[in-house]
Amino acid sequence: MMKAVHFGAGNIGRGFIGEVLASNGFEIDFVDVNETIIDALNERHGYTIELAAPGQEQITVKNVSGINNGKHPEQVVAAIKDTNLVTTAIGPKILKFIAPLIAQGIEARKAAGNTAKLDVIACENMIGGSQSLKKDVYSHLDAEGKEFADQYIGFPNAAVDRIVPLQKHDDPLFVSVEPFKEWVVDEQQMANKDLKLKSVEYAPDLEPYIERKLFSVNTGHATVAYTGKSLGYETIGDAIKDEKVLNQLKSVLKETGDLLIAKWGFDRAKHEAYQAKIVSRFENTYISDDIARVGRTPIRKLGYDERFIRPIREAKERGLGYAHLLETVGLIYHFDEPQDEESQKLQAMLKEKDLETVVKEITGLTDQDLVAQIVAAVK
């Protein structure tokens, strides 16, 4: 049986990456500092996933164990020494903290003479996750370790997409996930091109898929949240039932879709089917999320290369429409969520400075025409 070391035993780790690995016949070592989850994995060596959809189909995942990297880092290194695949689902900010362990695992493979090619795949909601992790890992390797890694270890970037609703269960391992899942890996960056997982797509260029997901799922989800919030709704499920919210979502997806088709040559009919699928995912009452959660970190979401400003910039460059994207951006500046630190920071900035200055600071835009359009959309 093939082995995988997976960092992150949370809901995405168990409910998405773990499910895919198990369905491909892997024995999985989950690495995490959550003692309750790790102890339960070692006690039961299996868990149940429920699909958040009519019928609520259940899937059993077997052949799993847990390693507490806080208490037993040496066990993680030993596992990496002999594994066939390393994956992560821990959040972009945590990657740098696991880099030393991965580096030690690579050194252990070198010391043992294990020249089997190994891929380390960061399954995070970020662009270039695996290559970012590679830089952190290489900072902990000596010259010989880097040379060994160059020859035998790959860090292929990946794009992942699956909605996991907020949930609480008596069983710490039980997890509910939406039926839809997409995992795309950059084939060019793989060290072991012979190891291909069923239900994972391998692409020669990952960027179109990352942008398609970012400008469709992420932009779309945020559009429902900010439009819904402006109309007084508290959940995505309630908001999307409102025709105004649904129409805004479809209008925004039309604008990002036109850009993606122009930029990457996506087939229009296939892309429209992809968009329709996204709308149906947001309408799934089994995975309704809180608007406060989906809309959080508004400053980050208004970044220069993020889900709204980037497609607006690129649509403008190509002479394409972006009026509804602009309208949604205007709503973000009114997103006032007491529990969200960034939301409160944004509201404080708006009180302290004039709107044009805040727009420039947050978006990083130097295009005065676009800045003026955003200012007009906010007021």
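Leu166 is exposed, with a relative accessible area of 52%. The cut-off for exposed is over 50%, so Leu166 falls in that class. The model described here is predicted. Leu166 sits in the loop between strand 9 and strand 10 (175–177). Leu166 and Asp289 are 123 residues apart in sequence, yet their C-alpha atoms are 6.7 Å apart in space. Leaving out residues up to four places away in sequence, Leu166 touches Asp289, Asp290 and Arg293.

Of the 34 residues that line the largest pocket, the closest to its centre are Asn125, Asn218, Arg293, Arg296 and Arg300. Several elements share in the lining. Helix 1 (11–23), strand 9 (158–161), helix 7 (207–230), helix 11 (291–294) and helix 12 (298–301) each supply at least two residues. Helix 7 gives the most, with five residues.

The structure holds two cavities of 30 Å³ or more. The largest cavity contains about 50 Å³ of space. Its lining is made up of Leu85, Asp119, Ile121, Val185, Met190, Leu195, Leu197 and Tyr202.

Asp119, from that lining, is also a contact of Gly154. Gly154 belongs to strand 8 (residues 153–154). Its relative accessibility is 4%, and because the cut-off for buried is under 20%, Gly154 counts as buried. Apart from its neighbours within four places in sequence, Gly154 is in contact with Leu118, Asp119, Val120, Gln189 and Ala191. Val378 lies elsewhere: the C-alpha atoms of Gly154 and Val378 are separated by 45 Å. Along the chain, these two residues are 224 residues apart.

Asp242 is a charged residue in a buried position. Asp242 is buried yet has no salt bridge. The nearest side chain of opposite charge is Lys244, 5.7 Å away. Asp242 lies in the loop between helix 8 (236–239) and helix 9 (243–264). Its side chain has polar partners instead. One is the side chain of Tyr233, with a polar contact at 2.7 Å. The Asp242 side chain also reaches the backbone nitrogen of Lys244 at 2.8 Å. Not counting residues up to four places away in sequence, Asp242 touches Leu231 and Tyr233.

Two loop residues have positive phi values. Gln56 is not a glycine, but its phi is positive, at about 40°. Gln56 is placed in the loop between strand 3 (46–51) and strand 4 (58–62). With a relative accessibility of 37%, Gln56 counts as partly exposed. Ser199, likewise a residue other than glycine, has a positive phi near 75°. The loop holding Ser199 runs between strand 11 (182–186) and strand 12 (201–203).

How values were computed:
Residues numbered from 1 in each chain as written. Predicted model: local features only at pLDDT ≥ 70, side-chain atom pairs only at ≥ 80, totals over all residues. Heavy atoms only, no water. Helix = DSSP H or I, 4+ residues; strand = E, 2+ residues; numbered from the N terminus. Buried < 20%, exposed > 50% of the residue type's maximum accessible area, 1.4 Å probe, protein only. Lys, Arg positive; Asp, Glu negative; His and termini not counted. Salt bridge = Lys/Arg side-chain N within 4 Å of Asp/Glu carboxyl O. Polar contact = N/O pair within 3.5 Å; in protein donor to acceptor, adjacent residues only side chain to side chain. Contact = heavy atoms within 4.5 Å. 1 Å grid on protein atoms, 1.4 Å probe; cavity = no way out; pocket = protein on both sides within 12 Å on 5 of 7 lines; lining within 4 Å. Points joined across faces, edges and corners; volume = space filled by probe spheres on them.
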